[in-house]
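Trainee: I am new to this one. Please walk me through it.

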Amino acid sequence: MPATTPSESVTTVGRTSAELRRALAETRHAWSARAWLGTAVFAAALLVPIVLSSHVAVDRLAHYAYLAAAAVALGLVVGPGGMPSLCQGVFVGLGAVISARLGAVPLLVSLACATAVAALAGAAVGAGFARLRAVYLAVATWLIAWGFALALLASPRFVGGTDGLVVGPGHIGSVDLTPTVHYELGVVLVFVVVLGVGAVRRSALGLQLEGVAVTPAGAAALGVPRGAARTKAFAVSAAVAGLAGALAVHLALVADPAAYGPYLSFQLLVACLVGGAASPVGPVVGIALVGLMGPVGEALGRLTGAETARFGAMLSALLLVAVLASGTGGIVPALEARLRARRRPAPEARAEPVRVRTGERLEARGLVKRFDDHVALAGLDLDLEPGRITALIGPNGSGKSTALRLLSGSLVADEGRVHLADRVLDGHSARDRARLGIVRTLQRPPAFAGMFALDAVTVGAAADLPPRAVRAFFATPTARAGGRSARADAHSALDAVGIREAAERRCDELTGAERQLVAIAAALATGPSVLLLDEPAAGAGAQEVARLGDVLRRLRADGLTLLVVEHNLRLVHDVADVVVVLDRGAILARGTPADVAGDPRVRAAYLGSGDPNGETSL
Amino acid sequence: MGALVVLVSGCGGSSDEHQTLTVVVNAPFSRTPYVGETIARGAELAAQEVRTAGGIVTDDGTFDLRIVRADNALSPQRAVANVRDAIRDNAVAIVDEGTGVDASWKLARDAQLPLAITYQGGAGLVDPETRPNVFRIAPTDRGISFRLAEYLVPKGLRIALLTDDSGYGREGKAALAKAFGSNPEAVALRAEVPAGSGGVSTAVLRARDAGATALLVWGQARTLAAAITAARSRGWNVPVYAPPSAEDPLLRQQLADHPEWVDGLTFASGRMTAERGPEDWMRFQAAFETSFGADLVGVRTSSGAPVAQPPDYAMYAYDFVRVLAAAIDRANGVDDRDAVLRALDEVTVRGANGDERGFNVHNHEGVVDDDVYFARFEDMTFRPVADDALSSTLPVIDQTR
């Protein structure tokens, strides 16, 4: 590794201090009543053992603080990741057992080892299962939780059997870890994890996660690295859980295998869902409520004379059912939704030209695609030139969308080749092609439900950024710069499609045509050289079609290579340089809009006798 | 929130100028209710008698004892949390089933809180040198296992030693290893099985294949029931021996459909009656049943009589609370907790069965190792065996109501 020169060090220091100044400025800008409230709650939480020492069970509070840290970290997987993991307790248990087994080594070393092992386990689970749909992922992780519990029971020599492993309270330096110190550590850990998870959510990784969770197909079309992002989210979440478990075991004084069973994972997920995984603070509230269920259950059990041991779990389940039935997404998000309808705009919202690569020639030769006996495309040749708009039209089932999918790499051709300039794209996945600049929008615009338009577009801007989880968690200058740059690109892309004013509106509130523009902006934010648009005018009114036409013409003027699959022939007529007509998987006609409009074969096969409204007339 | 615990004053709350001292029973009420209930009721009976006798009169005032139940659910983590709660509640002692003591005794020591084990007999749990605040009134695993070896080896049996992975089972495994260490030829197989029913059948079959002519199953009652079921349902009429967990009514409840499978089950346990005769024990049992009713097992004899469990394990908790009361009296109050701890090494009381109960600085075991007898089930009740010198001298305690 080359040594760092003094000038490089100075540059690094300078960059860091500049970044710190910028971070402070951003914090000042974003500081709100909510931030004051959070700070006050944090300070008050730290003071609890001092002010209420004789009235609270500090050890139990500390225990719940560690659980809260694990739940907040799980929120990253469940919230933006959209993965209902039921094995967070496994990582807590791993951390605890590793730390207990390493009782003879300095505590900081054992904590580091426990965190690392849990992170590796999380990465393994993520790599193996994060690609699954939510319901299968839940089942798979639940089985992992059971498997872990059974493995602990089957390894009495390693975990001390049902007696567990006895550990000392531990100390860091000269500080003994009394329950009060554990509590303060737990509160600080929760605070750090809340901030860290918040930072991840704002980072490229967070946006990638959210994009994949909210609109998997849309994110895939933008080239978002689904597997890597999800795996890293699992690893970060597991690392925090492992650290929490490793600390908690020194509070509990024993690594009790029975404490790390599936019920712990269930509790953590319930806390996430009840409090609301959409907010980093939600799981903290969830843990507080789940913690309350124990004493409430005991009280109910005593009142009714029933078995008290199971009441807590039953009440937790009822609470979860109530919150899920409310459809609010958890307590904290529901409160936040009441308190603010819109976000405060980010300070870096300045207009810059959209980051578009120089258009490149995309060429397809002899593309064939069969679905069983049906030939969807029978040898398509296409030449897409920079600075030109090619329209692909044809009746339903003629193979337009199949052609688009073959070009974008989301479908593999049975025969034929695609070239980007001099490069042959055989074997290139959709993500590879997106990285090379071939980006596609979907026939139906992705809903990006719950996301702000700016965030949805930023998913595209962040698609190509490396999802560096640790940097994102600690909001390092590099991670912050990446996020800032992605947001700037997203603003520019929104400008380019003319809907800058929609940046802070939720996608669910936009019209279909506006959502199409958001999708185009997201594609533009990736910095494409070739843009493949699948029916961008679907559902748009005349004014919106005209607006879309202006957008496409501007992009053509910027030198982008454009292919538009479209049914709206007025738009095609207005913007297309070349029109290719498909019929039953083969090219029926090719030429300028005027040429194609005059072709009797096209009229006979596709246009019929004409449309009195002019919508189907070139 | 759940962690916010409003303190129940452990010392104070006068009624007729009596102050109340809290004694916490840390036991598995939810997981093995018989054990938890038995311990708690023994302690409650003693507290009740202290109250009836006018309390513990000291220069600091008159004290009554209050028993608070804390469920450890057989979880060492919960057991430790319960000890922390007890310290916070300013408890004067913990009557403990034994789970988690390895982790909790230091906390109790730092709070000068005596911790008395009244069920588990593990070897490492009690040590006056290193654990000066830990006491035990219960037969030790060492005593039971050596008595079992002494009883079984001369019979020329080839014994399969099956233990489960509960804390109780693991302690038993260690004790059996020592007890049978000098007679390896008597051991056909050693196997550890998961607590409960899973995996027990396989171990029983392995024992049969290994040529075992007897099973010694040391584990929770569920494990023991599973082992008997596994053997008998395969037509293997092998004699089965067990530690005191065989007394747990759960075993007879689980085998209620096959009472003949219970017949012949032989177990070792602490002697209920003293040399001086059964009168003290009978008085204790009568007082116990007056307060709580007979502890009905839930099964009947072949003649239809309901079977009741003798409160032998309640006796140990009862005795400890009485020793504690005597120690508080000797220390003249509870302000000086160290004095109470010291006094526990000095006082003796006459126990429920007439034996002298007490400790000294060198010995915190309230039951001597030899004080173990053998009983055998017949028709859902048990009686001392005739082929053991000590047991054959003991009276039969009526177990029907």
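Mentor: First, some ground rules. Helices (H or I, at least four residues) and strands (E, at least two) are DSSP runs, numbered from the N terminus. The expected span of a helix is 1.5 Å times one less than its number of residues. Residues are numbered from 1 along each chain as its sequence is written, with chains lettered from A and ligands numbered from 1 in the order in which they are written. This is a predicted model, where local features need pLDDT of at least 70, side-chain atom pairs count only at pLDDT 80 or more, and totals for chains, interfaces and linings use all residues.

Trainee: What ipTM does the model score?

Mentor: Two scores are listed for the model. The pTM is 0.82, and the ipTM is 0.82.

Trainee: Where in chain B does pLDDT stay under 50?

Mentor: pLDDT is the predictor's confidence in each residue, from 0 to 100. Chain B averages 91, and 96% of the residues score at least 70. The stretch under 50 has 37 contacts beyond four places in sequence (a contact means C-beta atoms, placed from the backbone, within 7 Å). That stretch is residues 1-15 of chain B.

Trainee: Which helix gives the largest share of the side of chain B that touches chain A?

Mentor: The contact takes 27 residues from chain A and 28 residues from chain B. Helix 2 (76-88), helix 3 (101-110) and helix 5 (167-179) of chain B each supply at least two residues of chain B's side. The largest share is 7 residues, and it comes from helix 2 of chain B.

Trainee: How many residues of the side of chain B that touches chain A are nonpolar?

Mentor: Ala, Val, Leu, Ile, Met, Phe, Trp, Tyr, Cys and Pro count as nonpolar, Asp, Glu, Lys and Arg as charged, and the others, Gly among them, as polar. On that side of chain B, 7 residues are polar, 7 are charged, and the nonpolar ones number 14.

Trainee: How many residues of helix 2 of chain B are buried?

Mentor: Helix 2 of chain B has 13 residues and reaches 18 Å from first C-alpha to last, close to the 18 Å expected. A residue is buried if 20 or more other C-beta atoms lie within 10 Å of its own, exposed if 12 or fewer, and partly exposed in between, with C-beta atoms placed from the backbone. Helix 2 of chain B is mostly covered, and its buried residues number 13 of 13.

Trainee: Which residue takes a positive phi just after helix 16 of chain A?

Mentor: Helix 16 (residues 400-408) of chain A is mostly covered, with 8 of its 9 residues buried. Among them are K400(A), L404(A) and S408(A). Just after this helix, a positive phi of about 90° belongs to G409(A).

Trainee: Which residues touch the most other members of the largest nonpolar core?

Mentor: A nonpolar core is a set of buried Ala, Val, Leu, Ile, Met, Phe, Trp, Tyr and Cys residues joined through C-beta atoms within 7 Å. Leaving aside neighbours within four places in sequence, L215(B) has contacts including A160(B), V238(B) and Y241(B). The largest core has 344 residues, and those touching the most other members are V23(B) and L215(B).

Trainee: How many bridges join strand 5 of chain A and strand 6 of chain A?

Mentor: Strand 5 (residues 362-371) of chain A also pairs with strand 8 (residues 415-420) of chain A, over 5 bridges. With strand 6 (residues 374-384) of chain A, strand 5 forms a hairpin, where D372(A) takes a positive phi near 55°. Strand 5 and strand 6 of chain A run antiparallel, and their bridges number 8.

Trainee: Which residue stands opposite R423(A)?

Mentor: Strand 8 and strand 9 (residues 423-424) of chain A are joined by 2 bridges. They form a hairpin with 2 residues between them, and A421(A) in the turn has a positive phi of about 55°. Opposite R423(A) stands L420(A).

Trainee: Is E360(A) buried or exposed?

Mentor: E360(A) lies in the loop between helix 15 (331-339) and strand 5 of chain A. Its contacts beyond four places in sequence include P386(A), L420(A) and T561(A). Because E360(A) has 23 other C-beta atoms within 10 Å, it is buried.

How values were computed. Contact = placed C-beta atoms within 7 Å. Pairing = 2+ DSSP bridges.
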